[in-house]
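The tour moves from one selection to the next and says what is found at each stop.

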Amino acid sequence: AAPGPRSYTTLRDEAVKLFNSLQQLESERDPVPLMQGVLQTCLDLPPLVDEIYCQLVKQTTEPAAPGGQGDLHYWQLLTCMSCTFLPSPPVLRFLRFHLDRTESRFPASEMAKYACFIREALGKTKGRECVPSLEEILVLMRRQEMICTVHCPGAPACSVAISSHTTAEEVRGCLHVARELVSRLGLSQSPNLFALYEQSRRREQPVASATLLADVLTRFE
């Protein structure tokens, strides 16, 4: 299940807990739940976002084993952070410098590939309602897109590739099945539009155009 409500202590204490989580991340065999926990804390306590960015930059600067499993775990969490939160302008400048330096020092390496992905993500991230789902974190660790299944009335389901930044409006605009239905039903001149709906056992509701599909998927998780 997705992370539920948590109780927190002081920001200082939570920052110490997050630092300990980062230390644990280096040797964690299954880092995904730990990453999601760090992201959830940052979502609940926004003042800690800059702290985690700075800690991750520190951990990925002069690592003992560049490109090793522990180093890549830090880069993978940094990737998830970049798709979820924007740091403050001073930290963002510091982060961009770190990304440029990494690509320059380790060209064609996995670290450089993560640095490039993170830079592109930072240009699109506007903030999230939910932290990435476990599935999304796994996809981000591989720098790939998720596959979202959309069921259309009177037509086969569509599989659509989405990123952490894809909105409902963008998916609706690219659904070829929806366009075919409009033509088939003679609605090309109609003011009515197709809408995306999220449906669960408890509710069915339209998805607002600006909603990130990744947030919808997290709620389903």
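What covers the buried residues of α1? The cover includes α2 (32–44), α3 (48–59) and α4 (69–82), where covering rests on contact, meaning heavy atoms within 4.5 Å. Before selecting anything, note that this is a predicted model, in which local features need pLDDT of at least 70, side-chain atom pairs count only at pLDDT 80 or more, and totals for chains, interfaces and linings use all residues. Residues are numbered from 1 along each chain as its sequence is written, and side-chain values use heavy atoms, with hydrogens and water left out.

**The whole chain**

Colour by secondary structure. The chain has ten helices and four strands, both taken as DSSP runs numbered from the N terminus (helices H or I, at least four residues; strands E, at least two). Their order along the sequence is α-α-α-α-α-α-α-β-β-α-α-β-β-α. Of the 221 residues, 44% are buried; buried means under 20% relative accessible area, exposed over 50%, and partly exposed in between (1.4 Å probe, protein chains only). Among contacts with a separation of 6 or more, 67% join residues 24 or more positions apart.

**Helix α1**

Select residues 11–25. α1 has 15 residues and spans 21 Å from first C-alpha to last, close to the 21 Å expected at 1.5 Å a residue; the expected span is 1.5 Å times one less than the number of residues. Now show the side chains of E14, L18, S21, L22 and L25, the buried residues of α1. They sit on the same side of α1 because they cover an arc of only 100° around the axis, the arc being that of the directions from the helix axis to the C-beta atoms.

**Helix α2**

Move to α2, which has 13 residues and reaches 18 Å between its end C-alpha atoms, close to the 18 Å expected. Ten of the 13 residues of α2 are buried, so this helix is largely enclosed by the rest of the structure. The buried residues include V32, L34, M35 and C42. To see what covers them, display α1, α3, α4 and α7, which are among the covering elements.

**Two loop residues with positive phi**

Select E62, in the loop between α3 and α4. E62 is not a glycine, yet its phi is positive, about 55°. With 58% relative accessibility, E62 counts as exposed. Next select A108, in the loop between α5 (89–105) and α6. Phi of A108 is also positive, near 70°, again in a residue other than glycine. A108 counts as exposed at 74% relative accessibility.

**T125**

Go to the loop between α6 (110–122) and α7 (134–141), where T125 is found. Is T125 buried or exposed? At 5% relative accessibility, T125 counts as buried. A polar atom of the T125 side chain lies 2.5 Å from the backbone oxygen of S82. Neighbours within four places in sequence aside, T125 is in contact with S82, C83, T84, F85, L86 and H165.

**Cysteines**

Finish by selecting the cysteine sulfurs. The whole structure has zero disulfides, a disulfide being a pair of cysteine sulfur atoms within 2.5 Å. For C80, the nearest cysteine sulfur is that of C83, 7.0 Å away. C80 counts as buried at 0% relative accessibility, whereas C116, at 31%, counts as partly exposed.

Technical notes. A polar contact is a pair of N or O atoms within 3.5 Å; within protein, one must be able to donate a hydrogen and the other to accept it, and residues adjacent in sequence count only if both atoms are side-chain atoms.
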